[in-house]
Structures are given as structure tokens and as C-alpha cells.
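Good morning, and thank you for coming.

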There are 2 protein chains.
Amino acid sequence: MNVRRPATLASLAAELGVSRTTVSNAYNRPDQLSPELRKRVLDTARRLGYPGPDPVARSLRTRKAGAVGLLLTENLSYAFRDPAAVGFLEGLALACEDAGSGLLLIPANPEREDVASVHRAGVDGFVVYSVPDDDPHLAAVLERPVPAVVCDQPSIENLDRVGIDDSRAIKTMAEHLIGLGHRKIGVLCMRLARARNDGPASVQRQENASFHVQKKRLTALAEAFEAIGIDWEQVPVVERFDHTIASGESAAGQLLESNPEITAIMCTSDILALGALNETRNRGRRVPEDLSITGFDGITEAERVGLTTVRQPMLEKGRAAGRLLLDAGEPGRPREVRLDTQLVTGSTAASPRSVEERWFGP
Amino acid sequence: MNVRRPATLASLAAELGVSRTTVSNAYNRPDQLSPELRKRVLDTARRLGYPGPDPVARSLRTRKAGAVGLLLTENLSYAFRDPAAVGFLEGLALACEDAGSGLLLIPANPEREDVASVHRAGVDGFVVYSVPDDDPHLAAVLERPVPAVVCDQPSIENLDRVGIDDSRAIKTMAEHLIGLGHRKIGVLCMRLARARNDGPASVQRQENASFHVQKKRLTALAEAFEAIGIDWEQVPVVERFDHTIASGESAAGQLLESNPEITAIMCTSDILALGALNETRNRGRRVPEDLSITGFDGITEAERVGLTTVRQPMLEKGRAAGRLLLDAGEPGRPREVRLDTQLVTGSTAASPRSVEERWFGP
DNA sequence: TGCAGGAACCGTAACGGTTCAGTAGGCCGG
DNA sequence: CCGGCCTACTGAACCGTTACGGTTCCTGCA
């Protein structure tokens, strides 16, 4: 009985001697037929091994897939490796759950240009999470005649958008460090473009960055530091393609090697900051006495080690994106959700003068 | 132009004066038509705003959805909160990625019996991860005429299966504790059945457990301890429905309150163990001097705090499940993957005699 | 000149449903 | 006896595509 099931709504109807409509109604509109007949239909279905209306055929007819697609810049598995991404996913999953919708993770290898996965996705809409502006997958999503919500991206056409004020958020951090007295800093950032570059990022590269969030943060930092008379050209920025603690370590090493005079490292993510923390301490320098280190995101691991960082509500971000997508707004009017961030003063940033104090006494 | 897109493969064909087949071929089989015509098709498609073949209609025709469904016992969002689940997901995502397949997370609220989400899922197969034996969602999956792989479940009909030797694994831990000299232990376990029960779990409840893994582990523990003459009836087992650190804390509290004489707490998961660790220390008892605590899973957080636990390869589990599902085996012969586990001797389990030693000297 | 063979394209039949405008019959009030 | 309404069910159109098995036309070669 379990070998093959050519049972279909039509064959079931034939077996019962009723119309297909009636069988369909038995499943979808119980009030449209007598209880006895309905029972008979369902019983026969069980007997014949009919698993109920085929979801794909139904989707075709109803134009509803019952799922939202998630497109992110990284390998699928990355979504589960980065705590910030996991937080976002959790929020998105919550929103989907509330709406009874599925969540389809779309495989989009950033190194390849294979857009087929986007075309193949049977979804009612897309959530696009922090992909580069020129990503072909994003373009493919825009072509699809379904709504989309972008997250941590510049606003596109008339799409709904979710994000934070990246500029304001990181400026708060910059001002915090400036207030502490730091003048010589270095920056660690995530990938700026689809083309791999592990090393210093020139100002030009920063300006041409296609990863919106990273670009925004660097621009804001430049503004903050130029505002107090520091030449941004002279501020070393080291970029890493992979977003891992190991990347943070090697980037920090590179930075400290070439710019030993800096008193603080600002990272555009907590993961990088955690790596920087490791590397710095491995080199025998104390944090924050010898070097201040700051992150961005506010992931649990960061809070545990007392990282000074900017907390952004990743879960809320995901939830907001899901909600925006699932309860469609007015046609012409794109919506925007901008979430609040919060400076978390941990124990990894202090005044650089404390160094002198250690040497020469207070 | 972006308002409505009634453009379809048929309308495009009509516009071009070619057959639908040809348009279809332009997308799917470029070698079946001349490059010029193909270009003309694609150009016209762009002009008309035709987004390419509809994925749902394609799925219906080809009988391929290009996605695998994941069913788990918990709220969707739970999958992202539990590190072990995240590890599993990462592995599963890797396998999906390799096969160019999507991963559809199916919302299956464990408290409700709403099975529609399973019926609605347009997928080529299911991965079922640790749901209770009597879960209606599981039943719904079995009805669907697509392959399924179960994980951490008893083998079903002729489904592929992935798991570990839970019995052997936890016995190793039990023997480790016994070897250290522990005779009076308490156990913290995860939910045993769909019906909520936060408190002591009687032997009968243990035997009737519908969560296969938990049952297996408890049974194995009973065997291990009865083998050295301990009456399992006398061993306190405390169950928690929610799988959180807070649950671990309250369960440990309950256990220590009613059974202050125990020298070790064995937990069936690291999360519970981390909670137990907190609670124990908050009560002013030292670990492992005053009390030994063991976990199960080997999550990162556990390793960080030096928990004595059993490591199981969650990522490999997910990957194996995905692979099994994606490269279909022989029809009649269900496959089974059984992964290895490993005892991790951390710093949270020690000989109970060290207590006496502390009091009376060595 | 005849013909084999391949390249390029086409027509039809599914794929498995949902939906909507009916229709037949029963019941009821007038 | 008639008109109207309700219940229970039906028929046919439609959703948008791909699989299958052709047909047509052109080229090259004997």
C-alpha cells in the first residue's frame, strides 16, 4: 500500500462517484457538504492512501505558497554560525510562526552567480538580509512578482525596509571613545564588496563598498573623527571577507603589526571584536589598560566577556521584517521600521591615559 | 509596469509568435533553440516584465520542489535558541546547500494539533528531528508521498534514520560517575511526553515516555545503576518541559531541595546542566567539590565552562540527515547512520570522597 | 538528384487542484 | 399551485508550466 500512491483528488472522486469539487470541499470547506458524505470521502481517502490535496497544485491555483523566502549573503550554513544572524532568524521565525507560514532558506552561494535558487523558490515573498547592493540574487528577487522586505540595506524601489540608524549608532561609540581620550584608533570591518579582500581597505574601497551597512558605518566613523580634526585617510581600516573570530584575530594582528601606536580598535561586529580581544591578549597586551576594543551587535557572547559594544535588537529586526512581509501594507506606500540601538559600556574600553598612569602613577 | 504582471509563458509565446515549448526551452534548455531566438525570447521577456517560469507551476509539472522540509518538535524559533539544534540545522543546511536545495522550516506548534502546515509544505522530502512518537505532525509527514529521514527517533516503517547510540553514550557517563564513587545521584531530563509535566518523573512516566531519546537515556541509566545494585525506583528524576537554562536552574533547585543527599546530578542535556551549575553555585555549593554535574551534547557553551559531558556530533547529524534524504537510496532498504559520541571529562565531576577529604583531611 | 541525419521548433496532454456559476430537489409561506 | 429560498452537489474553466513525440527544414554527401 505504501509502494506507490497514484491516488489523486480525481481518482478519489471517481471511486466515490462524486465530483472533484466535492472532494475538494471535504478538505477545504466542510460546511459545503453533508457530514455523512464528508466522512465517506475522508474514509475512502484513508483507504486509498490519498494524502490530501497536493500542496503544489494547490499553490498553483490559489497563488499562495504558505512560505516566505529568506535570502542572505552568505552560505546557508553561515546563518547558523553567526549569533547575530541566528538572532535575526529567530525573530523572523517567530513572525512566520504567528502567521502560520513556513520559512524557506534559500541557498545563495555568494561566490557563485547561480540565481536559479531564487527563481525556483515557491514563496509568497522574500526577506533579503544584508546582501551587497549589486548581488545578482537580489536582482533576481526584485524580478519576482512577489513582495520583498529588505533588511540592513539601502531602500530599494518601493520595498519595505527594516534597519537601524547605523550612522548614529556607531557615532555614539566613536564619541564614547573620543570622550575617553582616544585619538589614534584602528578599525576592523567586515567584507566591503563581493570581491574578496583580506587586508587594509583604502578610503576609495570604503567609498565603493557595496555592503551598505559596512559602508554606512565607516562613513559615519570618518565623519565623527574628522569632526575632531583627525584625518580619516590616516586611520587604518582592515577588512576581512570571512566573518569569524579567527578573522578578527588575524585582522587585529595585522592592524597591531602595522600600527602599534593605536590605542583603540573599533570593530564593526562583535565577532571581529572577540577575535581582536583574543589576539591582543595573546600578544601580552591588556584590555582595556593597554588597548581599548569595541564591537557592534550586542551578541550574548560579547556581553559575557564584558565587551563594550552597541546593542542592536536582532530578534526584533527579524520579527519586524517578517511582520512587514506577512501583513501586506498599502500598495504604493513602502514602510520603514527603524529600530533603536544602545551603547553598552563594558569593560573593554577605557581612557588611554590609564596606560600612562600605570607607568608613571596617578 | 510594476503594478501587475499577467505575463506568462503563454502570453510571451503569443507575443513572439512561437510555441510555449520554445519559450520554456529558452529558459531550461538553451541548446534546443538558436541563440538568436533565445535572445529574442529573453529580451521580450524583460520588456514584458515576465519574471521567468513560475516556480510553483514548474514544481507541479516536474514533481520537484527543490526544497526539503524540516519538522521539529518545538516552536520554529526554538530551533535558533538551542545551540544543539542550531548545530543540527547548520549541518542540515550544509547538505542542502551542496545539493542546491532549499530548506523549509515548517511551523509546528507542539501544543496545537494543527497539521495543516505539514500538508501545505511543498517539499521533496522531510527531515524529522526528535519529535514524540505520537506527534500528529509526524503522522502527517508519514502520509505524504515523499521520503523522510528521522533523527533521534525510533526507526519507523522503512524510513532512513540518523542517530547515536544514546544508551551506550549515557552509560559511559554513568560508569564514569560510578567509577568516581558516586552512588547517590539525581537526574534532570527534558520533556518526556507532549503533556506538560514540570516536576518528578515516576518510573512509570519514564517508561511511557514518547520522546524516544529521553526515554532511551533514562532506561540506560536505570540499567547502569541497577547493575551495581542501586534501586532505580529510589533515584530521583526531575523533568522539565521547557528546555532552557532557567528550567535547569529550577529543576536543580527542586532536586536539591528534596534530595539533599545526592552527590551528583546527571542531566540529559547541556542546557539543563548549565542551569544546574548556576543553581548549585548560587546555593553556595561548589562544583565539583560538593556536587558533580554532568551534561549531554557537547555544546560550545558547555565546553567553555568545562562541563563534564558527552559530546555528540550535532553538525554531522544534520548533514547526514540531509544527505540521506537528498541522495535517495534503494527503495526497499532503509538506511541507518549511527554516529559516534565521546565522553568529555571536564571539571564538573569529581570523586565525592573529596568532600570528606575537605572535612576530615586526606 | 536523392536521401540520411541533425538542428530547430511545435502541438498536445498532462500535472493536481480550486473556484464559480450553476442546478436539482426539498421545504415553506401565501 | 406558485414563487422563493436553502441545501447539497456538479461541470467546466483555469492556474502556468514541462514532457513527449512529433514535423519541418537545411546541410552534406554519394
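Predicted model: local features only at pLDDT ≥ 70, side-chain atom pairs only at ≥ 80, totals over all residues.

In strand E9 of chain A, A:Ala264 is the bridge partner of A:Ile185. Residues are numbered from 1 along each chain as its sequence is written, chains are lettered from A and ligands numbered from 1 in the order in which they are written, and side-chain values use heavy atoms, with hydrogens and water left out.

Strand E6 (residues 185-189) and strand E9 (residues 264-267) of chain A run parallel and are joined by 4 bridges; two strands pair if DSSP finds at least two bridges between them. They belong to an open sheet of 5 strands in chain A, with the order E7-E8-E6-E9-E10 and mixed pairing. Its edge strands, each pairing on one side only, are E7 (199-200) and E10 (292-294). Helix H9 (residues 166-180) of chain A packs on this sheet and touches E9 and E10, its direction making about 175° with that of E9. Here contact means heavy atoms within 4.5 Å, and axes are lines fitted to C-alpha atoms, for helices over the stretch in contact, with angles from 0 to 180 degrees between N-to-C directions.

Let us turn to the DNA. Which residues are closest to DNA strand D? Of the 28 that surround it, the closest are A:Thr21, A:Thr22, B:Thr8, B:Leu9 and B:Ser24; near means that a heavy atom of the residue lies within 4 Å. A phosphate oxygen of DNA strand D is 2.5 Å from a side-chain N or O atom of A:Thr22, and a phosphate oxygen is also 2.5 Å from such an atom of B:Ser24. For B:Arg61, a side-chain N or O atom is 2.7 Å from a base oxygen of DNA strand D. Helix H4 of chain B gives the largest share of this surface, 5 residues.

Finally, a rotation of 180° with 0.0 Å of shift along its axis superposes chain A on chain B, with RMSD 0.1 Å. The two copies are therefore related as by a two-fold rotation axis. The superposition is by least squares on the C-alpha atoms of residues with pLDDT of at least 70 in both.

Key
Helix = DSSP H or I, 4+ residues; strand = E, 2+ residues; numbered from the N terminus. Polar contact = N/O pair within 3.5 Å; in protein donor to acceptor, adjacent residues only side chain to side chain.
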